[in-house]
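Please read this note beside the chain and its model. The points are numbered and can be taken one at a time.

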Amino acid sequence: MHNKAHYGDGGGIYCNNSSPAIKNCIIAGNWASSQDPLSDTGPGKGGGIYGISCTSAMKITNCTLRDNRGRAGGGVCNDSSSPDVIGCIFASNRVTVFGGGMYNRDILNPSNPKIANCVFIGNDAEEYGGGMENEISSPQVINCTFYENSTEGYGGGMDNWGPDVDHQSNPTITNCIFWDNTDESGSGESAQIRVGGGGGTATVTYSCIDDDIHNDDYIPFGGSQNHNIDDNPLFVDADDPDGLDGIFGTGDDGLRLGFGSPCIDAGDNDAVNVSTDIVGGARMNNDPYVSDTGMGDLPVIDMGAYEHIWWFPVGLKMSGGEFHTLLLILLVQITANSALGIVSRNHSASNGRLDRSGAVICLPHRATLKT
Ligand SMILES: [Ca+2]
Ligand SMILES: [Ca+2]
Ligand SMILES: [Ca+2]
Ligand SMILES: [Ca+2]
């Protein structure tokens with residue numbers, strides 16, 4: 001944390017033709033600085049992590065990249081690099097030019113990383129690509145949630161650029177949510193995902209994309225033929241995205257899908273090859289009360305980084321003896337055909353707020369509690 005590359009790349013970590021496994025790390029407050037922060041070239045790339053000529057053998061897994069700064073690629077800059085980036089949080093990273101959260105760039109070769117189960121939130125770029133900038137690069141982006149990323153230029157969620165027909169960005173975006181990202185044009189379709197310059201194609205399927213009018217006949221990127229939707233994803237509490245514990249990637253996060261979310265059971269099971277979601281729960285889970293509009297055998301995967309579970313959490317303050325007594329009461333009084341789930345005994349409630357040192361009991365959705 002709080003490292004600085006003075007007129008260089010890689011404020012936190014610099015990788016050159018190497019394949020590290022970066023796992024379970026917090027990479028925060030680092031800075032890759034530039035002599036000219038508004039230049040399109042030069043140093044200042046990758047405030048958190050910079051990689052050049054790194055292959056898919058490079059893994060960035062279950063990391064939080066937040067509050068990093070740079071000229072381009074505030075969280076991560078992939079320069080002719082294609083790492084796997086799985087289960088990571090990109091939050092509040094800022095750059096002066098391109099790619100607030102991530103910048104994928106072709107200097108020697110295209111950067112085509114595989115990015116799955118990630119959250120991009122509150123990242124900002126002053127020119128293009130608040131959440132992500134792709135420059136002659138074509139990442140696979142799967143089960144990611146892009147929310148409230150911003151830029152003063154174009155492509156609040158993601159910007160894709162290429163100079164001509166032979167040098168384009170063609171990202172594949174599957175099972176993702178792009179919501180409330182903003183750019184110079186506002187918060188419509190092009191502010192979520194933009195393709196500019198010489199073109200290219202963003203192939204977007206089984207995804208929820210914000211546009212100017214929700215739940216109407218016009219749905220972005222091929223609409224219902226591509227199994228996309230433009231309905232409000234109904235996050236649990238978008239005003240508190242990291243939840244009461246103040247930590248992203250835990251079970252109280254506000255960007256989980258609320259009951260009745262159109263993103264539940266609406267993804268493509270074949271798109272992702274991971275077993276857990278961003279909080280470590282099952283990546284595929286069926287909500288029996290939601291019809292399965294996605295693709296594949298039950299259980300059908302959701303859109304976004306968080307898989308919905310059909311219980312609701314109830315925080316209870318208790319000590320050891322009270323816990324067992326209460327558990328017995330709950331077991332007896334919950335109506336038939338419902339099960340009691342205990343997701344963690346390592347949380348407690350104090351003053352009505354959950355923290356990380358006590359207990360959370362989860363009751364099944366629609367169970368009737370007769371206490
Ligand atoms: Ca619409
Ligand atoms: Ca949390
Ligand atoms: Ca599901
Ligand atoms: Ca279902």
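1. A nonpolar core is a set of buried Ala, Val, Leu, Ile, Met, Phe, Trp, Tyr and Cys residues joined through C-beta atoms within 7 Å. Buried is used for a residue with 20 or more other C-beta atoms within 10 Å of its own; exposed means 12 or fewer, partly exposed in between, and the C-beta atoms are placed from the backbone. The largest nonpolar core here has 78 residues, and Cys-88, Phe-90, Cys-118, Val-119 and Cys-144 have the most contacts inside it. In soluble globular proteins, nonpolar side chains tend to be buried together.

2. The model is predicted: local features need pLDDT of at least 70, side-chain atom pairs count only at pLDDT 80 or more, and totals for chains, interfaces and linings use all residues. Residues are numbered from 1 along each chain as its sequence is written, while chains are lettered from A and ligands numbered from 1 in the order in which they are written.

3. On confidence, pLDDT is the predictor's confidence in each residue, from 0 to 100. Its mean over the protein is 87, and 84% of the residues reach 70 or more. Residues 331–371 have pLDDT below 50, although this stretch has 75 contacts in the model beyond near neighbours in sequence. Where pLDDT is low, the predicted coordinates should not be read in detail.

4. The protein has 2 helices and 32 strands. Both are DSSP runs numbered from the N terminus, helices (H or I) of at least four residues and strands (E) of at least two. Of its 371 residues, 52% count as buried. Two residues are in contact if their C-beta atoms, placed from the backbone, lie within 7 Å. Among contacts between residues at least 6 apart in sequence, 71% join residues at least 24 apart.

5. In which order do the 7 strands of the open sheet follow one another? The order is E3-E7-E11-E15-E19-E23-E26, with parallel pairing. Strands E3 (21–23) and E26 (203–205) are the edges, each pairing on one side only. Direction ignored, neighbouring strands of this sheet are turned by 5° against each other on average; axes are lines fitted to C-alpha atoms, for helices over the stretch in contact, and angles run from 0 to 180 degrees between N-to-C directions. Two strands pair if DSSP finds at least two bridges between them. E7 (residues 59–61) and E11 (residues 84–86) run parallel and are joined by 3 bridges, with Thr-61 the bridge partner of Ile-86 in E11.

6. Strand E18 (residues 132–135) is covered on both faces: Met-132 and Asn-134 are buried on one side, Glu-133 and Glu-135 on the other. Strand E14 (residues 102–105) runs parallel to E18 and is joined to it by 4 bridges; here Asn-104 has Asn-134 as its bridge partner. E18 also pairs with strand E22 (residues 158–161), again in the parallel sense over 4 bridges, and Glu-135 stands opposite Trp-161.

7. Is Ala-271 buried or exposed? Ala-271 counts as buried because 21 C-beta neighbours lie inside 10 Å. This residue is in the loop between strands E27 (208–209) and E28 (311–315). Beyond four places in sequence, Ala-271 is in contact with Ile-142, Thr-174, Asn-175 and Tyr-206.

8. Ser-34 lies in the loop between strands E5 (31–32) and E6 (49–52). Ser-34 is buried because 24 other C-beta atoms lie within 10 Å. Leaving out neighbours within four places in sequence, the contacts of Ser-34 include Tyr-7, Ser-39 and Arg-71.
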